[in-house]
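Please read these notes with the sequence and the model side by side. Each point takes up one place or one kind of arrangement.

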Amino acid sequence: MGVSNSQTIDSSKINPLIKRTHEYLSSEDHNLIKKAFWLSDKAHHGQFRKTGEPFIEHPLEVAMILAELHLDVSSIVTALLHDVVEDTSITLHEIKKDFGKSVAFLVDGVTKLSQIKFKSNYERESENIRKMFVSMGKDVRVILVKLADRLHNMRTLAPLSEERQLRISQETLNIYAPLAGRLGLHSIKMELEDLAFKYIYPEVYSSIFQQFEEETKERNKYIKDVIAFLTEELAKKTKVKFEIKGRTKNMYSIYKKMQNQKISYAEVYDIIAFRICTQKMHECYELLGWVHSLWKPIPGRFKDFIAIPKANNYQSLHTTVIGPQGKKLEIQIRTYDMHYIAERGVAAHWQYKDEAFLKNVKVQTQTLKKFSWLQDLVALHRQAQHSNVFLESVKKDLFESDIYVFTPKGDVKEFSSGATPIDFAYAVHTDIGNKLKEAKVNGRIVPLKYKLQNGDVIEVNTSEKSHPVREWLNICMTSKARSRIRSYIKDEERKMAVQVGQKLLDKELKKVDFSLDRFLKQSECKKTMVSMGLNTHEDIYAQIGYGKVITQNFIQKVLGKDLVAPKVPEAPKKSKKKHDSPIEVEGMGSVMVQLAKCCAPLPGEDILGYISVERGIVVHQRECKKLQNLTPERYVDVSWRIKDEFKQVVHVKIMVYDETGTLNNISNIFTERSINILELASAAREDDLKADVFVSFEVRDIEELRSIIRCLEQIKNVVSVSRSSSASIKY
Ligand code: MN
């Protein structure tokens, strides 16, 4: 690349960057950086930014940001070249030739992120994240360069139109700042937040900023006093060497505190945070002890991120105490090593020279493992069909995360608050989630809706018979669990629909003396299906099963015959055959059958089946009001075939005069027959001296229920007994 003879190059521009990388990169690296600068400067020659500066200032600044994080030479070179492929005539091929595969790969990644075209604002965001995460799955450095690029663009946002300022700031606040946070790049996160905040809410920003400025003097004095006092007091008590620093929080986090707690600026107490750094881990705990002996800690505010590091590897002790003048003080205590990671986040893991890093595959896998949530997001993106769904789930994962639980082996898993054993099971493995049977927390079985608490030890058991159910969707929190459950249910529903549809079609065809096989071979059948956009026999079964196609109509279309209009089937004769299910469906063999909850039919009662879309065949009492409102086309004949162990839950309502002993007499009826009462509740009526008693219990059949009702009616003070559809009183 003949760039050395160019006269446009002002080599002094590279000096600040070289100065900054000098402390951690080799002279060989510096030659590569200089080479990249020459190429970039030449390629961008004649281009200017909206700020009026020559374009090269931008890649240089991006490289500077990364140099501050001590990133490796490939990242710095990529930063310098990140816009050349898109904005100049230089090709990726040339970059590969001059700088090697690894740089070319990174430049390509960054370029691709910038090239994506979007339809709407919302989609723009989610597409953006999607692509970003995909590239992250391959190499985190792509995202680090992109974050630095965004940071510099935010710093120089002023000359842009108001509309673009607002759009870019929204995107920064929604996506880039949280992402920087998750990657542990706290100073970048805070700066992005403050810059975006300034453009989105200029008035609020300047009002907070003004008050903040006014107090600077007072605040600095306070910081100085606290540090002096603390240094002196701690030195009296311990030989441990330490260093204390005070810093103020960023504008945006102050604003968010005001918003969340609905308080004014004056009421935000923790604008200042103090940090104590020391050499060894045990010294952190010792210093914490002394701090707590000096000032009273506020309960619930102590967090031990040393024992349980955050997902981004952040480690520190956090506490809030009542300090001098009764002011609350936030104090963080950590080692210098922990501080190094805290400042640089994921970037701390990329401070190796390329070759050394790639040779040490073990280090690489460990780094990737620590950021395994990225991999989850990549997988998620492949599943999520709509951008909006993806955006929502990603935002959930990015923003809410503060529960840490242990596996029995002591591994730590991180969840958003509100997560349940279902989320845990899916976090371990999809198969574990799909077969989840029960969960134990701290050795005890808990319901699946149990909300995980910090420090819980959780263990899950699976069973081949267990499977996800729709209710789980209301219980789980993570996007992973949600999407896996959805896809399981969808598959199951389709299977069910195919099964039901096929049997239904077969059954209706028998009425017109046609076999299913013969019917499907009719050329008219294929034609009709094509006209409906259906390809396979399964497709038409599913359509019938889902209730989207009425069986009789479809047969009519194919055969061109007028069929007998469907009518409510006659009451069937009792079947004496013994099978697995308590109910037999006429002419349909074994399909999934459920008893309706609304009328809870009992053996011996007249019943009728209904082909539902999601739950297979649901059996109601023939008289059930709910059934009357459903389409008769989907009625199906069913009959009882009772097994000995069959039991059905029923509810009765007993109206009584509210006198002592009555309840006792009622429960005796059940005890005499060894029937377990599942639920018993009573409520006084407002109008008179009567009360309603609700009892839930299990019976074998309608005869048993009738006999119990007769006995209940005999009891003194019982006015009436009736079967009820719901379990208890609605207050
Ligand atoms: Mn750029």
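1. Is K262 buried or exposed? The model is a predicted one, and in it K262 has a relative accessible area of 72%. The cut-off for exposed is over 50%, so K262 is exposed. K262 sits in the loop that runs between α14 (251-261) and β2 (272-278). Its phi is positive, about 50 degrees, although K262 is not a glycine.

2. A600 also deserves a look, as it has a positive phi of about 40 degrees and is not a glycine. The loop between β12 (593-595) and β13 (607-611) holds A600. Its relative accessibility is 12%. Buried means under 20%, so A600 counts as buried.

3. What does the side chain of H44 make a polar contact with? The partner is the side chain of Q47, at 2.7 Å. H44 belongs to the loop between α2 (27-43) and α3 (57-68), and with a relative accessible area of 2% it is buried. Beyond its neighbours within four places in sequence, H44 is in contact with F55, P59, D83, V84, D87 and T88.

4. How many aromatic pairs does a search of the whole structure find? The search gives 14. One of them is F229 with W295; why is this pair called stacked? The ring centres are 5.7 Å apart and the planes meet at 25 degrees. Planes under 30 degrees apart count as stacked, so the pair is stacked. The pair links distant parts of the chain, 66 residues apart: F229 is in helix α13 (residues 216-237), and W295 is in the loop between α15 (281-294) and β3 (303-304). F229 is partly exposed at 35% relative accessibility, whereas W295 is buried at 8%.

5. F305 and Y314 form an edge-to-face aromatic pair, with 6.0 Å from centre to centre and 70 degrees between the planes. F305 is buried, with a relative accessible area of 9%. Y314 is buried too, at 7%.

6. Which residues form one aromatic cluster? They are F197, Y201, Y205, F209, Y252 and Y255.

7. The charged end of K35 sits over the ring of F99, at 5.2 Å from the ring centre. R150 lies over the face of Y176, and here the distance to the ring centre is 4.2 Å.

Note on methods
Residues numbered from 1 in each chain as written. Predicted model: local features only at pLDDT ≥ 70, side-chain atom pairs only at ≥ 80, totals over all residues. Heavy atoms only, no water. Helix = DSSP H or I, 4+ residues; strand = E, 2+ residues; numbered from the N terminus. Buried < 20%, exposed > 50% of the residue type's maximum accessible area, 1.4 Å probe, protein only. Polar contact = N/O pair within 3.5 Å; in protein donor to acceptor, adjacent residues only side chain to side chain. Contact = heavy atoms within 4.5 Å. Phe/Tyr/Trp six-rings, centres within 6.5 Å; stacked < 30°, edge-to-face > 60°. Lys NZ or Arg CZ within 6 Å of the ring centre and 35° of its normal.
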